[in-house]
Amino acid sequence: MFNIKTYKEAGSVKEAIKLLQENPQARLIAGGTDVLVKLHKGKGQFHHLIDIHNIAELDFINLNDGEDLVIGPGTCFSRVEESPLIRKHIPVLSEAICTIGGPQVRNMATIGGNLCNGVPSADSATPLIALNAVLTIEGADGLRQMPLEDFFLGPSRVALKQHEILTAITVTRDNYTGFHGHFYKYAMRNAMDIATIGCSAVCKVEDSVLKDLRLAFGTAAPVPIRCKDTENKVRGRRLSQNLLDVITESVVDDVNPRTSWRAAKDFRLQIITTLAQRVVKKAILNAGGTIH
Amino acid sequence: MNRTIRCTVNGKKKELSVDIRQSLLEVLREELGLISVKQGCAAGECGACTVLIDNVPIDACLYLAVWADGRSIRTVEGESKNDKLSRVQQAFVDEGAVQCGICTPGFVMAATAFVEKHQGQKVTRNEIRRGLAGNLCRCTGYDTIITAVKKSLDEDFFCYDENSGGRRFRPA
Amino acid sequence: MAIGKSVKRIDAVAKVTGRARYTDDFFMPGILLAKYLRSTIAHGRVTKIDTRRAQRLPGVERVFTYKDIPQNKFATAGHPYSLEPEHKDVEDRLLLTRHVRYWGDEIAVVVAENNIVLQEALQLIDVSYEEYEPLVTPEASLTEGAREIHAGSNNIIGESQYAVGENIEKALASADVVLEGRYRTQMCQHCHIENHIAYAYMDDLEHIVVVSSTQIPHIARRIIGEALGLPWGRIRVIKPYIGGGFGAKQDVILEPMVAFLTLKLGGRPVKMDLSREECMIGTRVRHPFDVKMRTGVNKDGTLVALDIDALSNTGAYASHGHSVAGAAGAKSRALYPRAAIKYHARTVYTNIPAAGAMRAYGAPQIMYAVDCIIEEAAQRIGMDPVEFRLKNVARLGDFDPLTGKRFESCGLIECLQRGKALIGWDEKRAARPKKQTGPVRRGLGVACFSYASGTYPVCMEISGARIILNQDGSIHVQVGATEIGQGLDTIVAQMAAETLGVPFDRVHVVSTQDTDVAPFDTGAYASRQAYVASNAVFRAARELKAKILEHAGRVTGILGGELDISNGNIVHGNNPANNVVSLREVALDAYYDKDRGGQLTAEISYKTRTNAPTFGCTFVDLEVDVPLCKVNIKEIFNIHDSGVILHPVMAKGQVHGGVAMGIAAGLYEEMLIDTQTGYIYNNNFLDYKIPTTVDVPDIGCEFVETFEPTSGYGNKALGEPPIVSPPPAIRNAIWDATGVQINELPMTPHTLYKHFKKAGLL
């Protein structure tokens, strides 16, 4: 049995917000694959739960009127991964998601839970950051939106107030149209593993020119990050091996990996630089570019 | 902290009083005696407790029992009919995919879901491997398990059984 | 005829239907749960422990600490009792300890109604420690003046050596080339999917019943008695189906505690069910080894000398202790029996989890070092590594250089030749460029091993079998040997069917061992059971067959000597097609005739006094992605000489599982310890990387069948050996691909990074 002290089931986002306000100790549970593991390990901060597992309004994937792609944070990974909309418009997200855990976990774990945990290794974070995803957050103070990239404050810390819930993840039309990408998860195993380094590249190529590049890394800093300096350096340049070498050199300054028992900083840097080159190259190829 | 839930377990309707603190694994084992649901890690890392919820495999150790309300649950106990093994079960037996057996029920259920989902499709060994990546086995090195799933897929043996609330295998 | 056929595994249906019952599947109303309070330091002494708050928590039955337990020091290793005091296992355990020796040591135990109460009660126990410096490496624990982890031990638990052939220094001096090397192996965990679990109850005032997931029920019974200071006969151990052991359950871990608790709680049932996290640190691990090697070779490819000096780390408690290093030396001796060998080993205590038996018992550690230096020797003299091995490995007609026993079967040369052909060794080597420079490079590797089929002559080898003709002519077999997933029950049924002359499906093997009724056998370890049980089953079946024929003679009036049993019928010996009478008719007569017969049964307890060496090799073809520091196995083959293969499908299953474990030991698995505190970082399946379905390649497996005359059916050991040679074969292939020698396990990306960097590849 899980050591749950109080349990309230929320039927709607509004109700969940109300319940969160009523109990400052309460935490949300959606897919359960993180919260229940923490309870199993005796972590006290999850004794009071508000269950949003069955809130239908959080479980959707659709295109809005502006053809922006909107994902309900309560959608489980398998549904996101297999969604025809996702596969058509942002296949890089499917690529990333199918590396998460195993099938059973992906059938339960939600994409919103993955983001709200705020771990630097969250596999769904890097493709979404690279796609300039925007979050919609609802709370007692109403509705607000913020770029996903700004959502991560530090290890296991996100810009969510106690009474707030993530209600939508949006990738606007202009952020996926014409873009192609690639994701690579570097881990010690090929499944059921935490990323040592996760890398997403999303790019737009026209006439052998790299019109745009968004490069994101997981576990390369205390939060999932974008390599903005590198992106700025190479945007608009002609495709070449030299361009890839510039990226390899430049990303070192964008990232800030730490030494932990899982991997040392210099090793992570080795993987980061190797992946920067390889993942960007594959993204360029996916975008129809060639590298001479 | 009890609640009443209604669900279907292996084709039978059940009304159960469950503690909100209980995992589905605990309810299936302790209340219903479905001992095939094994606990190996209690953290969603080994898949030994895999059951199907509405024909989708999940780890019963990380599933609150209250979530099962209104759903249909399948465990390996329900897979053999009239003392005849399902084709996946039979393939596990025939291919030597069973050793200590503690991971076997979970593997059979994950494999059953995979086979049902890929009915009529040509799949590779690597695709099977990816489809079963949520189940750990320490005895077999997976080789015979993959072969058993391949064998279950290669033979055309599906039919729809409305009475059991989902797709089922019928022994050929 | 059942031997050699892949008959239907007899427990397969029970397991695919979920009907097979394991320890946790027997429910007892009102059963109490118990859980250890584990230390949060690795080395020290409890100065104060206050359990009053925990004791007062509703739902808590009792709390026991180190103050409340019997003061009988006991040994936990699953070895037979030794009549020789010098061979007794080290008795260094109490049920609970005040002296903390590893991070997670058991200092108290709470008994409660449910796991939530347990969890909360454990948090209510106040403990104060006097902390000592954790000694997590052998270097630290052997430092002059280091605190003794066990009083009077000097932190050394055992030391042994042997030398065979020419004097080692002379042999080395005479060799054309002498090489030195140092090889290190890691702390691994077994990761059987069923965690350690046991429960106990009493059904009278005297007897304690313990149900446990154990490989060794009869040994467990004795050790429970020793730990509690009770006559062994008062203990009854029942072993139902078990979900894997790999050596971690060849140790007595929970059984004495649950027996103690039920005894203290008026015979009420009490269960201990370790969590995965506890199981990873609080049971047993594989001994890390640090092996210094010297070898001498001649330019013509003759291996002249092997000087092996092993330092084995047993961690906090003895468990199997020095036996592992000792056995590793003994079992690897058969591989190069014509060389001068000196083997010296020392085993030390440190403040890491206790190391015990794990699949192949020290052989993976020693064979890794041997295969590494053999590879270096071959390279040094410019000889093909396979040719070098072919020239030097054991052949039929060789002798164990220490015992002088002749190898009665040996197919290693054929194994190497077969593997070489399967992997395409010569073709691939000829086809590829001399020096590879790209980011992704290919390499080929080989390694070989020897192992044994039991523990004789170090330990006594005993096996018991009881075979009964049932009233309906079917056969019941009871053995003391235990099914732990390897397929022993099926093998025993095949043996009995073969010798009795009855169809396989007429034989039922009682899977559960209950020490009150099962014949005596020490259990599943050392890959011994099919070998030693064969000798008991064969003799029991032969005796029962004689009894059946004798009675058939009475029933039919035909002289027993003229009769035989074929396909379950009594036939004329010279005309097997001619059924004289059915087994059922003979059985009915034997049981129910008012004047003659009786229950026809045979029981044999047999001591095997031989120990057949078993051999094999690994060939691997792999790819190394240098910038990503990753290894990708393209092809791997294990080829084994395990004598007659009793059941090809199950035999392959053993090889697949062993190779998968071997690959993982080579490339991923390692218990990661904080050297400052002794804390284990990766005590779960997410962080301790056992391979998933997508991490193991398709595994090639073949057998070179020989006939081993000392075994009942020509068979030799197979359970453990497949794990031994994959790691060194992978290491040799990485060397082949990159030119970098990795002399430590596991060869994770982190390790490769370090070495590639040093070699200038990155």
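In chain B, 20 residues of domain 1 are in contact with 16 residues of domain 2, where contact means that the C-beta atoms of two residues, placed from the backbone, lie within 7 Å. This is a predicted model, in which local features need pLDDT of at least 70 and side-chain atom pairs count only at pLDDT 80 or more, while totals for chains, interfaces and linings use all residues. Residues are numbered from 1 along each chain as its sequence is written, and chains are lettered from A and ligands numbered from 1 in the order in which they are written.

**Domains of chain B**

- The side of domain 1 of chain B that touches domain 2 of chain B receives two or more residues from each of strand 3 (50-53), strand 4 (56-59) and strand 5 (72-74) of chain B; helices (H or I, at least four residues) and strands (E, at least two) are DSSP runs, numbered from the N terminus.
- Strand 3 of chain B gives the largest share of that side of domain 1, namely three residues.
- Sorted by class, that side of domain 1 of chain B holds nine nonpolar, nine polar and two charged residues, where Ala, Val, Leu, Ile, Met, Phe, Trp, Tyr, Cys and Pro count as nonpolar, Asp, Glu, Lys and Arg as charged, and the others, Gly among them, as polar.
- The two domains of chain B are assigned as domain 1 (2-76) and domain 2 (87-169), with bounds that come from an automatic or database domain assignment, and their C-alpha centres lie 20 Å apart.

**Chain B as a whole**

- Chain B contains five helices and seven strands, which follow one another along the sequence in the pattern β-β-α-β-β-β-α-α-α-α-β-β.
- Of the 172 residues of chain B, 62% count as buried, a residue being buried if 20 or more other C-beta atoms lie within 10 Å of its own, exposed if 12 or fewer, and partly exposed in between, with C-beta atoms placed from the backbone.
- Among the contacts in chain B with a separation of 6 or more, 61% are accounted for by residues 24 or more positions apart.

**Chain C as a whole**

- Chain C has 19 helices and 27 strands, and its radius of gyration of 27 Å is close to the 27 Å that the globule rule gives for 762 residues, so chain C is as compact as a globular protein of that length; the radius is taken over C-alpha atoms, and the rule is 2.2 Å times the number of residues to the power 0.38.
- Taken along the principal axes, the C-alpha atoms of chain C fill a box of roughly 85 × 70 × 45 Å.
- Of the 762 residues of chain C, 62% count as buried, and residues 24 or more positions apart account for 80% of the contacts in chain C with a separation of 6 or more.

**Domains of chain C**

- The assignment for chain C gives domain 1 (15-132 + 196-273), domain 2 (289-456 + 610-758) and domain 3 (462-607).
- The centres of domain 1 and domain 2 of chain C, taken over C-alpha atoms, are separated by 35 Å, and 20 residues of domain 1 of chain C are in contact with 21 residues of domain 2 of chain C.
- The side of domain 1 of chain C that touches domain 2 of chain C has eight nonpolar, six polar and six charged residues.

**Contacts between chains**

- The contact of chain C with chain B takes 43 residues from chain C and 40 residues from chain B.
- Helix 1 (12-16) and helix 17 (648-667) of chain C each supply at least two residues of the side that touches chain B, and the largest share, seven residues, comes from helix 17 of chain C.
- By class, the side of chain C that touches chain B has 20 nonpolar, 14 polar and nine charged residues.
- The contact of chain C with chain A takes 18 residues from chain C and 16 residues from chain A.
- Helix 3 (115-123) and helix 19 (749-758) of chain C each supply at least two residues of the side that touches chain A, with the largest share, three residues, coming from helix 3 of chain C.

**Local features of chain C**

- Gly714(C) lies in the loop between strand 27 (700-703) and helix 18 (726-738) of chain C, and Gly714(C) is buried, with 21 other C-beta atoms within 10 Å.
- The C-alpha atoms of Gly714(C) and Gly643(C), 71 residues apart along the chain, are separated by 5.7 Å.
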